[in-house]
Amino acid sequence: MSIETISLSGRKKMVSNKEMTFWERLYLVAIVKGLFITLKHLFRKKVTIHYPEQVREMSPVYRGQHQLKRDEQGRENCTACGLCALSCPAEAITMKAAERKADEKHLYREEKYASIYEINMLRCIFCGLCEEACPKDAIYLTTSKVLVPSSYEREDFIFGKDRLVMPLDVAIKNAQLNNAN
């Protein structure tokens, strides 16, 4: 068996270099086909929306900006296990674990916490695998329409804990909603 006959994907095709006919060399048939497609699209209904007046509805599986959750007492859920960073196909998440000190019990739930937690939004593909991998349900992708603000500096696209951790008032409101249900 020679190396030329092996196909790992099973989709290998032999390409022939046959001589083109006169009509094929003129490309007249291809031009007519292209014009026909253009005319066909000319009489279709337009899909353009007038943005400020009309808002396109979001997909039910839409994934927005990342957020690190807090519990009902305002403590961070993340235990720096690193499963979110391992599951990220774009390798956009970096973290550094640290041990909680005695005076930090009101800030972190477990003995270990993420002292540095960063997501590079230029690399992130918003796939949601980090959300699925987290055993503590610490990270989730919101349904917010605000994704990443534009900037000229690369450093502005690296979101640290200062931009990722859920605000305390939102965490308390979520806890009240969960207790009511």
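**Cysteine site and sheet**

Visitor: Leaving aside neighbours within four places in sequence, what is Cys84 in contact with?
Guide: In this predicted model, Cys84 is in contact with Ile93, Met95, Tyr117, Cys130 and Ala133, once neighbours within four places in sequence are set aside.

Visitor: Where does Cys84 lie, and is Cys84 buried or exposed?
Guide: Cys84 lies in helix 3. Its relative accessibility is 7%, under the 20% limit, so Cys84 counts as buried.

Visitor: Which residues does UniProt place under "binding site"?
Guide: The UniProt record, an unreviewed entry, gives that feature at Cys78, Cys81, Cys84 and Cys134. These residues span 57 residues in sequence, yet no two of their C-alpha atoms are more than 10.3 Å apart, so they gather at one spot. Cys78, Cys81, Cys84 and Cys134 also belong to the lining of the largest cavity.

Visitor: And where does Cys78 lie?
Guide: Cys78 is in the loop between strand 1 (66-68) and helix 3 (83-87). At 12% relative accessibility, Cys78 counts as buried. Beyond four places in sequence, the contacts of Cys78 are Lys112, Tyr113, Ala114, Tyr117 and Ala138.

Visitor: Turning to the sheet, what is the order of its 3 strands?
Guide: The order is 2-3-5 in an open sheet, with antiparallel pairing. Strand 2 (93-99) and strand 5 (158-159) each have a single partner strand, so they stand at the edges with one side left without a neighbour in the sheet.

Visitor: How many bridges join strand 3 to strand 5?
Guide: Strand 3 (residues 112-120) is joined to strand 5 by 2 bridges, and the two run antiparallel. Ile119 has Phe159 in strand 5 as its bridge partner.

Definitions and conventions: Residues numbered from 1 in each chain as written. Predicted model: local features only at pLDDT ≥ 70, side-chain atom pairs only at ≥ 80, totals over all residues. Heavy atoms only, no water. Pairing = 2+ DSSP bridges. Helix = DSSP H or I, 4+ residues; strand = E, 2+ residues; numbered from the N terminus. UniProt positions renumbered as here; feature names shortened; annotations may be inferred. 1 Å grid on protein atoms, 1.4 Å probe; cavity = no way out; pocket = protein on both sides within 12 Å on 5 of 7 lines; lining within 4 Å. Buried < 20%, exposed > 50% of the residue type's maximum accessible area, 1.4 Å probe, protein only. Contact = heavy atoms within 4.5 Å.
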